[in-house]
Amino acid sequence: MNKISSRMAAVLPSASSAASARARELKAAGRDIINLSVGEPDFDTPEHIVRAASAAMASGKTRYTNVDGTPELKAAVIRKFKDENGLDFAANQIVVGTGAKQVIFNVLLATLDAGDEVIIPAPHWVSYPDMVRIAEGTPVVVECRAEDGFKLSAETLKAAITEKTRWLVLNSPCNPTGAVYGEADLRALADVLLDHPQVGVLSDDIYEHIVFGETSFRSIAAVEPRLLERTVAVNGVSKAYCMTGWRLGYGGGPAEVMREVRKLQSQSTSCASSISQAGALAALEGPQDHLESHRTVYRRRRDLVLPKLVEAGLTCEAPDGAFYILAGCQKFLGMTSAAGTKIETDADFTRVILEEGEVAMVPGSAFGAPGYVRLSFAVDDDRLMEAASRIARTCAALRS
């Protein structure tokens, strides 16, 4: 038998990936599955980006680049951080990676020692805790209440910090809740962090351009510039520019941290795809008009599906950003499906909705939110409304 590392015993497969895989299996078997589990836009990559990548291939830009990205793309990232977020970074503070996910992973692996703690507000993206565990750190998952908009309060943050705390993970807009931290929220958190200079902020900003309400996206390091020297801002082109399969993300942070991230990347994946980098350059530097039109579509879809889910018996609040709804299914726990499946957990509920209603979602427990499910509304209007009807029919058939 091949020996498996002991660290892998604490790591679970991504629940969202597993849900999508099961949906694909059923679809391949001939089932008409509507997949609301996927965290990606349903729009095509804008044409000018595709053309730029094609031109890069045609001109022979198909070789290795610098490990941390082409000079042109890094310069565009620096301009983006400055112009859009009010953050000043130098070239040695920028790393381009194979997706924002890789950048986050590399930051944690490069900075954590065994037992170092990382505060993760819940509900949270599924991968944060397992990334911390792989790096031999300790995820400190702190619950954020629904009545607080699922946002971390200053009091909760202060109570969670210990002498072992190394990072606070801050994701706004948040996957899975859609919560957006406004300037007052960030100011309160910053005031706590200023008293704890050993704590850095790992800011996952990947949904920054998908915001619906009056609260606009702000970076905590722009709200409190004294935190810039211990903030790593992570972003990418996957969500705003519909480039999930291009696998291109980037981060800006303290030079000493990004130096180690660069070193780690040089011994793992090396550079991101040269072709994807050419596309990302066009994304950041080219037309931005699609951003507002996509936001308009997402907002309409949110407003279409939300009341239907409430009518079905799920508890929902309108998200201020991203393209997910975190819906409470507590009402249905303890009930039995039409096919005789007992629903004890949110995972059971999503299984029933998939197997009997032919709609794929992700159980909230994977996001640190037991009793909830996450669904994406990045689906065309007709399929989204059909999914809501199927969910309602399946829920109506449940019995106590």
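Helices (H or I, at least four residues) and strands (E, at least two) are DSSP runs, numbered from the N terminus. The views below all come from a predicted model, in which local features need pLDDT of at least 70 and side-chain atom pairs count only at pLDDT 80 or more, while totals for chains, interfaces and linings use all residues. Residues are numbered from 1 along each chain as its sequence is written, and side-chain values use heavy atoms, with hydrogens and water left out.

**View 1. The loop between S7 and S8, with Thr244 and Cys242.** Thr244 sits in the loop that runs from strand S7 (231-236) to strand S8 (249-252). With a relative accessible area of 18%, Thr244 is buried (buried means under 20% relative accessible area, exposed over 50%, partly exposed in between, with a 1.4 Å probe and protein chains only). Look around Thr244 for Glu40, Pro41 and Ser238, its contacts once neighbours within four places in sequence are set aside (contact means heavy atoms within 4.5 Å). Cys242 is found in the loop between S7 and S8 too, and its relative accessible area of 6% makes it buried. Although Cys242 is not a glycine, it has a positive phi of about 55 degrees.

**View 2. Helices H11 and H13 side by side.** Two packed helices are described by the angle between their axes and the distance between the axes. For H11 (residues 290-312) and H13 (residues 381-396), the angle is about 10 degrees and the axes are 9 Å apart. Here axes are lines fitted to C-alpha atoms, for helices over the stretch in contact, and angles run from 0 to 180 degrees between N-to-C directions. H11 and H13 are therefore roughly parallel to each other (angles under 35 degrees count as roughly parallel, over 145 as roughly antiparallel, 65 to 115 as roughly perpendicular and the rest as oblique). H11 contributes Arg300, Arg301, Leu304, Val305, Lys308, Leu309 and Ala312, and H13 contributes Asp381, Leu384, Met385, Ala388, Ile391, Ala392 and Cys395. Sorted by class, the contact of H11 with H13 has 10 nonpolar, no polar and four charged residues (Ala, Val, Leu, Ile, Met, Phe, Trp, Tyr, Cys and Pro count as nonpolar, Asp, Glu, Lys and Arg as charged, and the others, Gly among them, as polar).

**View 3. Helices H4 and H9 crossing.** The axes of H4 (residues 100-111) and H9 (residues 255-266) come within 9 Å and cross at roughly 105 degrees. H4 and H9 are therefore roughly perpendicular to each other. On the H4 side you will find Gln102, Asn106, Val107, Leu109, Ala110 and Thr111, facing Val257, Glu260, Val261, Leu264 and Gln265 of H9 in the contact. This contact of H4 with H9 divides into six nonpolar, four polar and one charged.

View 4. At the start of H12, a side-chain oxygen of Thr345 reaches to within 3.3 Å of the backbone nitrogen of Ala347. At 8% relative accessibility, Thr394 counts as buried. Just after H12, Glu358 takes a positive phi of about 60 degrees; Glu358 lies in the loop between H12 and strand S10 (359-360).

**View 5. Leu108 in the largest nonpolar core.** This core has 64 residues, and Leu108, Leu202, Leu314, Ile325 and Phe349 have the most contacts inside it (a nonpolar core is a set of buried Ala, Val, Leu, Ile, Met, Phe, Trp, Tyr and Cys residues joined through side-chain atoms within 4.5 Å). Apart from it lies another core, of 25 residues, among them Phe81, Leu87, Ala282 and Leu291. Beyond its neighbours within four places in sequence, Leu108 is in contact with Val118, Met131, Val132, Ala135, Trp167 and Leu202.

View 6. Pro173 is found in the loop between strand S5 (165-171) and H7.

Note on methods
Polar contact = N/O pair within 3.5 Å; in protein donor to acceptor, adjacent residues only side chain to side chain.
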